[in-house]
2 protein chains.
Amino acid sequence: MTTSFNPPNRILLGPGPGNVEPRVLQAMLKPILGYLDPVYLQCLDQIQKLLRSVFETENRVTFSVSGTGGAGMEACLANLIEPGEEVLVCVNGFFGQRAAEISERWGAKVIRVDSEWGRPVDMQRVRDSFRRSSARIVVMVHAETSTGMRQPIEQLKHLRDVRDAILVVDSVTSLGALPVGIDRNEIDASYSCSQKGIGAPPGLSPVTFSERALEKIRARKEHPRSWYFDVLLIDKYWSSERTYHHTSPALMNYALREALEIILEEGLENRWARHERNSKAFVAGVEAMGLEMLVAPEHRLWTLNAVRIPPGVDDARVRSRLLHEYNIEIGAGFGSLKGKIWRVGLMGCGSTENNVLLLLAAMRRILESEGFRCPA
Amino acid sequence: MTTSFNPPNRILLGPGPGNVEPRVLQAMLKPILGYLDPVYLQCLDQIQKLLRSVFETENRVTFSVSGTGGAGMEACLANLIEPGEEVLVCVNGFFGQRAAEISERWGAKVIRVDSEWGRPVDMQRVRDSFRRSSARIVVMVHAETSTGMRQPIEQLKHLRDVRDAILVVDSVTSLGALPVGIDRNEIDASYSCSQKGIGAPPGLSPVTFSERALEKIRARKEHPRSWYFDVLLIDKYWSSERTYHHTSPALMNYALREALEIILEEGLENRWARHERNSKAFVAGVEAMGLEMLVAPEHRLWTLNAVRIPPGVDDARVRSRLLHEYNIEIGAGFGSLKGKIWRVGLMGCGSTENNVLLLLAAMRRILESEGFRCPA
C-alpha cells in the first residue's frame, strides 16, 4: 500500500525553483503557530519589513500572497483592472504574454507593445502607444524568465509626463538578485516569487502596492471577482486590524522570513554583485565553448541565462543527460524559443562559482560526446 | 539588523492549523525538485491517487490547489458558476456565508437557505427552494468550522429527483477525519485544506471534480476570469499533458504526500473512529465540568468541538491564559457566536487522548481560578 518518495539531490540550475539553503529549510521545522497567535503575527510583521527592504520601498502594503508567482500576477492585475478599461502590456516573452492574457481575462482591453523575444521593448514605442491610448495601467516584465532579458524599468516613470499611470512590474526573476528599486523607479505594483532570487521554496508571491495603486483599487465601482486575491481584504489581515481572511501558510512564511534575513545579512549590493559576477563567469565559459547567448550583453539578466542551442545538437537529449548523468537541471525554451535555447538559472544560493564551473564542465563533456566541437 | 524568530511549542487545539507529525515535517527536508522533473511528477501522481482514496472517489480530476482552503473554495465556485446563473447556497455558519459571498462575487444570483448557526439545514427546505429556483448548482458545508456542526450530506443526491444539479460540498474540516464519501454521496465538487484532518501544514487545498462538473465547466460560454484557479488549465499540468501552468509548491506537496500516506497507513475507518472517540471523550469531560456543547449530539463534528462559554466567564481571558500559561491554543467564536463559544479542534495528530486530558485539566484549573464552579 505505502509508496515511498525519495527524490535525488539535484543541482537546480533551471528557471526555478532553485536549491534552498539548509537554514531556510530548518526554519520550516520551527513549531507551527495559529494564524492569530501573537508570536505568528510578529513573524508577519518582520516579513513585511524585510520585504520592503528587498523591494526597496516604503509601501505599507507589502506582503506575501499565499500562492506562487502566478498568484501574485493575478492578485495585482485582478485588483487594479476594472472591466472595460484599456491596459498597456509590453510583450517580449512568455510572461509578458501571460500578463496580457490575464489582463484580458479580467476584462481589460489590452493594448500590446510587442517586441522580439530576447530584446527589450523600445521605450519610445511604449510612450507612443501610451499616448495614443487611454490606458491608465502599464504592465512591464522586468526580468523575462522565458528569454533571460532584463528590461530597463528606469524610464517607465517618464510616461507620467504624458498622463498619470499605474506602473506594474513583474519582478518574479529579479527580486533579491537584481535591483528592482520600487520607490526609486516610482513603480506602483509589483509581484515576485519566493523560489528564485529570494531563495525560499516555491509557494509564496511577494507583492507591493503604492498608495496610488491602492487609491485606484479603493475607487473601483465593483470589487474584483476574486475573493482569495482581494488585496484590500488580505491587507486587513496583515495590517493592525488582523481580520481573518484565510489560514496563513505558516511554514512557508517561516521559510520566506529566513530567506529574507539571509538576503539582508549578505547585503543587497553584495548579493546583486554576486549574481552579476557568476552570470558573467558563466557567459565567459559558454562563449569560450563556442556557444552564443540569446540576449545582448547590456540586456542580460544575472539570474536566468539563455544559451543558444548550437545547430545539430539535440536539446532534449542534452538536458536529459545533464539530469540523469550529473543530477543537474537546466530549463528548456518556451513558446517560439522551444528547442532554440537552454535556460540556465543562477539564482539565490545556486549562484556560486562552483555551480558555474561544474555546469560548464558537464556541458562541455556532454556536447563533445554528442559530436559538438568545442574550441580547445 | 538581523531579527530572530523562535516560536514557542504550542499545542494547537484551535480551528487549524493543527500540529504536524515530525514525519510530515521531515518530508519537507527532502531535496527540492523542478516542477517538470520526472521524479517530481511521480510525487504528484502519488498525491492524486492518495487523495482519491481519502476523498473516496474515482474522479480523475483530483489534485491540490496551490493555495489554502479558501483558494479551493474559490477554485470550485469560480469554475462552476457562470455569471447570472442561480446558485443555491445553504448557510448556517461563517463558511456557508463565505460560499454565498464568493458565489455572488463570481456573478451568481444566490438563493440562500438559511438556518440557525449550529443546526443543520433542513433538507426539505433545501428541496423546496431548489424546486422553486432554476439553480443548477447547490453548495453545502459538510463540516462548519465556525460552529462544529456536521451537515448530513447523504440526502443531497436526492435533489436530482427534482432536477439535475451540480452538488458542491465544503469538506475543509472533515476530509481525513470524518467520512466524506464523494462517490457514494454523488458529490460533484469538493474542496478541503491541508492543515486539519489531513495533518499537513497549511498552504494547499485538495479538490476533486466529477465528470459531470467538468462537463459544466467545459460548456462555459467564457472561461472564468481567474487564470490561477482555472481548473482545466491546472488539470493540464497534473494530467499526462504536463503543460506548465505555475511553479508547483514542491515542499508543500511533499508534506501533503507524506500526510496522506500516514492516513492510509492508519486506515480511513480507524482514523475516523479515533476522531470520534476523542471528540466524545472531550465532550464527556466538558459536560462533567458543567459546560454545554453548542451542537446537538447527533450533529456534532469530531474535529471541531464548540463549547458554550458559561455566563460570567471572560472569553478572551480564558483563551489568553490557556495560551500563555499552558501553551494551548483554542479558537474563539466567529460572527454571531463571538464571545459565546470556544472552538476546540481535535484533528489529525492532535486528536489524542492525552490532548483531551490535558486540555480538560487546564480548562478546569483556569475556570475554577476565574470563579466558575465546576461540579466535583
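1. Two residues are taken to be in contact if their C-beta atoms, placed from the backbone, lie within 7 Å. On that criterion, and bearing in mind that this is a predicted model, 58 residues of chain A are in contact with 58 residues of chain B.

2. On the side of chain A that touches chain B, the elements of chain A that give two or more residues are α2 (38-55), α3 (69-80), α4 (94-105) and α8 (250-266). The largest share of that side, seven residues, is the contribution of α8(A).

3. Turning to the organisation within the chain, chain A is divided into domain 1, which takes in 11-15 + 268-369, and domain 2, which covers 22-264. The C-alpha centres of domain 1 of chain A and domain 2 of chain A are placed 27 Å apart in the model.

4. Between these domains of chain A, 23 residues of domain 1 are in contact with 22 residues of domain 2. On the side of domain 1 of chain A that touches domain 2 of chain A, at least two residues are supplied by each of α9 (268-288) and β11 (304-308) of chain A, and α9(A) gives the most, with four residues.

Definitions and conventions: Residues numbered from 1 in each chain as written. Chains lettered and ligands numbered in written order. Predicted model: local features only at pLDDT ≥ 70, side-chain atom pairs only at ≥ 80, totals over all residues. Domains from an automatic or database assignment.
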